[in-house]
Structure formats: structure tokens, C-alpha cells
Amino acid sequence: MKYKGILEKYRDFLPVSEKTPVISLLEGNTPLIFSGRLSELTGCSVYLKYEGANPTGSFKDRGMTLAISKALEEGAKAVICASTGNTSASAAAYSAKAGLKCIVILPKGAIAQGKLAQALIHGAKVIAIEGNFDDALGIVRELSSGYSICLVNSINPYRIEGQKTGAFEVVDVLGKAPDYHLIPVGNAGNITAYWKGYKEYKGKGRIDSLPKMCGFQAAGAAPIVEKRIIKEPKTIATAIKIGNPASWSKAEEAIIESFGRIDKVTDEEILEAYRFLAEKEGLFTEPASAASVAGLFKLKAEGYFEKDKTIVCILTGHGLKDPELAISQTKPPRVLPRDLDKIIEKMKL
Ligand SMILES: *Cc1c(COP(=O)(O)O)cnc(C)c1O
């Protein structure tokens, strides 16, 4: 059957009816890639779910197709979001397709270039504020309650509903639930969504067991791990640079109910996993995405995983979102004269 996006594929699990105008860019259906190296390392079967393959390059599209479709159904003329980048890129693209106005509030200077380019080129009205993401979210919460503009951050329940389809896809490919589900955590919408998805599949008898949910925050932005609001979160992984997660308590629920873990990984550990994924797995992700694999390395070193289990790591977004960071992590190309011998000589290095 022709693939028509997550709303058509998982219609029975989602709040859509015949009246819902489906706005889709054929998001979802992303690859679940077996990693021989990580499997060998852990003694388990490790799979990487590459969410960078979504139309705007991150998992945000799963939630946005539903949030924008429902906004249109409910008669909204405009949507608004606060964003560390990917939410705005996705909201801008889906709004363009739907013919809705899109307003984006960003923390000034804290957003990767690729994401900013996306929001701008899709025609969103982009406003940068002096403050961090949590400040931006406070502003859009107020604007959306006072001016009948639809809020499409992950506190919009349709976002979580759409994003839970990631769990359905994992199960549909594996034929079972994984034993461990590793995921980066920022605002904690995605860990909430995956847990909801797994539980719904179990409720329908599609799986017998549930995974242990293991969430990873950046060490300089780890409010859930440290059980306190972080006033000035710091990390190179801008997509998870959040000091007061909107879905904090839901994330804690997922971790407790699943007997999982919440932990933090340093920027160095994130960058090591980021380079590992690019150099050894052929997968270019943005740094925040690599937090799940940094977490895998950390838990492996602690002897956390039982042998012969199945592990899924979510790689949340595409590396091209943040080209400056990639370039900062590598050496620039050498410039040589147009001289074959010199080039051959250098190639041996
Ligand atoms: C949004 C985002 C996250 C964090 O997801 P939450 O639902 O906020 O926890 C992680 N990685 C990338 C690439 C993102 O865009």
C-alpha cells in the first residue's frame, strides 16, 4: 500500500476523524538500523532509529502533522511556538503546507543555523528574545491563551499523540517491544510519547512486554536528574538545552513505571557519540541526538544491560541542522596546488 504518513497509517490510534483535514509531508516510516558494532559492544541487539530522515529532519514532524491538522480543523488561522529550533522548523513547514500563519519565538543566538534557515525560508514570523528557551515558552503560553493563536509546543497534547507513532514503528519492525529504549530528553515530550505508544500497543495485545525507558539529559541541563530547575542550562546540544521541562512529571512517570533510568551525559560524551555515529555508523545526527548513544556507552560501562536483550536508541534529528558544530569538530580541507604528485603525496596521510 502506498505510504501516506503517520495519520493515515495509525489512524485507529489517533484523534482524527473524516472531518480532519490531513496535513502531511509523509513523515514517519523512518529507518531502524541495526548496529553491528554497538551490538558487539553490549552483547545485545542494538538498533538506531534515525529520525533525521523525517521531512524537516527531526522527529518533531510526527507531532506536527497532527497538531497542524487539528489546528486547521478547529479553525485556527495562526499557530505559535517557542523553540530551540526543530519545533519551529517543523511548525513552519507544516504551516506553509496548511496555509496557516506561523509565529516562532526563539532564544536569541541559541539556535543552530540550519533550523533558523528552515523557519525563515518557510515564511514563519520569527522573533528572537533576550532570554532562554524557558523564557520563550512562558511568552508563547501567554500569547496563545490571550489571542486565540494555537500553541504547537509539546504541551499541545496532539504533539504527544503524533509522536507516540515512533513506538508503533519500532514494534512493527522488530515484531516485539525492545527491552531497553534509550532517548535524549529535553522538554521530555518525546519520552512521554514513546512510553504512551508502547503502553497503547500493549493494551491492544500487540506486545507482551514493555521496554525500560532510559532518558538522557545533558550534564549542564539536567533538571530531572538533579531534581531542580536549572536557571541557566548549558550544553552544546541546543535541542536539549532546557532547564524546566514542560513534561517533567510525565517523564518521571515513564521512568518509574518502566523501571528505567534517567541520567546525564557530559558534552564530551555527547560529542564522542556524535563522532562515533558519523565515523563508524554512517549516521550524521545533531549533537542532542547523540545523547542516547552517549547514554548507551555510559550504561554499558556500568554493566547495566543484561545480555542478549534488544536495545533501541532514538537519534532525534539530522546532523545538517548544525553544520557549524560538525565543522568545528573536524579539520578543514587542505588546499594544494594543482599538482598531481603533491596531491598523491598528501592522500597517503
Ligand atoms: C526536541 C528535540 C529533542 C528533545 O525532545 P523533548 O521531547 O523535548 O524531550 C531532542 N533532540 C532533538 C533533535 C530535538 O529536536
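**View 1. The lining of the largest pocket in this predicted model**. Sixteen residues, written as 16 in the count, line the largest pocket, and Ile160, Thr192, Lys196, Ser247 and Lys250 lie nearest its centre. A pocket here is an open set of points, on a 1 Å grid over the protein atoms alone, with protein on both sides within 12 Å along at least five of seven lines, and its lining residues have an atom within 4 Å of a point. The volume of this pocket is about 280 Å³, a volume being the space filled by probe spheres set on grid points that are joined across faces, edges and corners. Helices α7, α9 and α11 (248-257) each supply at least two residues of the lining, where helices (H or I, at least four residues) and strands (E, at least two) are DSSP runs numbered from the N terminus. The lining divides into six nonpolar, five polar and five charged residues; Ala, Val, Leu, Ile, Met, Phe, Trp, Tyr, Cys and Pro count as nonpolar, Asp, Glu, Lys and Arg as charged, and the others, Gly among them, as polar. Residues are numbered from 1 along each chain as its sequence is written, and side-chain values use heavy atoms, with hydrogens and water left out. Because the model is predicted, local features need pLDDT of at least 70 and side-chain atom pairs count only at pLDDT 80 or more, whereas totals for chains, interfaces and linings use all residues.

**View 2. The second largest pocket**. This pocket has a volume of about 200 Å³, and of its 13 lining residues Ala110, Gly131, Asn132, Pro233 and Lys241 lie nearest its centre. Its lining comprises four nonpolar, four polar and five charged residues.

**View 3. The largest cavity**. One cavity of 30 Å³ or more is counted, a cavity being a set of grid points where a 1.4 Å probe fits but cannot get out. The volume of the largest cavity is about 310 Å³, and among the 29 residues that line it Phe59, Lys60, Gly186, Asn187 and Ala239 are the closest to its centre. Two or more lining residues come from each of α4 (86-98), α6 (133-146), α7 (157-163) and α9 (189-203), with α9 giving the most, three residues. By class, 14 residues of this lining are nonpolar, twelve polar and three charged.

**View 4. The largest nonpolar core**. Such a core is a set of buried Ala, Val, Leu, Ile, Met, Phe, Trp, Tyr and Cys residues joined through side-chain atoms within 4.5 Å, where buried means under 20% relative accessible area with a 1.4 Å probe and protein chains only. Of its 35 residues, Leu48, Leu182, Val293, Leu296, Phe305 and Ile311 touch the most other members. The elements giving two or more residues include β2 (45-50), β7 (180-184), α13 (291-301) and β10 (310-315), while the largest share, six residues, comes from α12.

**View 5. The open sheet of four strands**. The strands follow the order β5-β4-β3-β6 with parallel pairing, and two strands pair if DSSP finds at least two bridges between them. Because β5 (125-129) and β6 (150-151) stand at the edges, each with a single partner strand, one side of each is left without a neighbour in the sheet. Strand β3 (residues 78-82) is joined to β6 by two bridges, and Ile80 stands opposite Leu151 in β6.

**View 6. Cysteines without disulfides**. A search of the whole structure finds zero disulfides, a disulfide being a pair of cysteine sulfur atoms within 2.5 Å. For Cys44 the nearest cysteine sulfur, that of Cys313, is 11 Å away, and Cys44 counts as buried at 6% relative accessibility. For Cys313 the nearest is that of Cys214, 9.3 Å away, and Cys313 is buried, with a relative accessible area of 0%.

Methods:
Buried means under 20% relative accessible area, exposed over 50%, partly exposed in between (1.4 Å probe, protein chains only).
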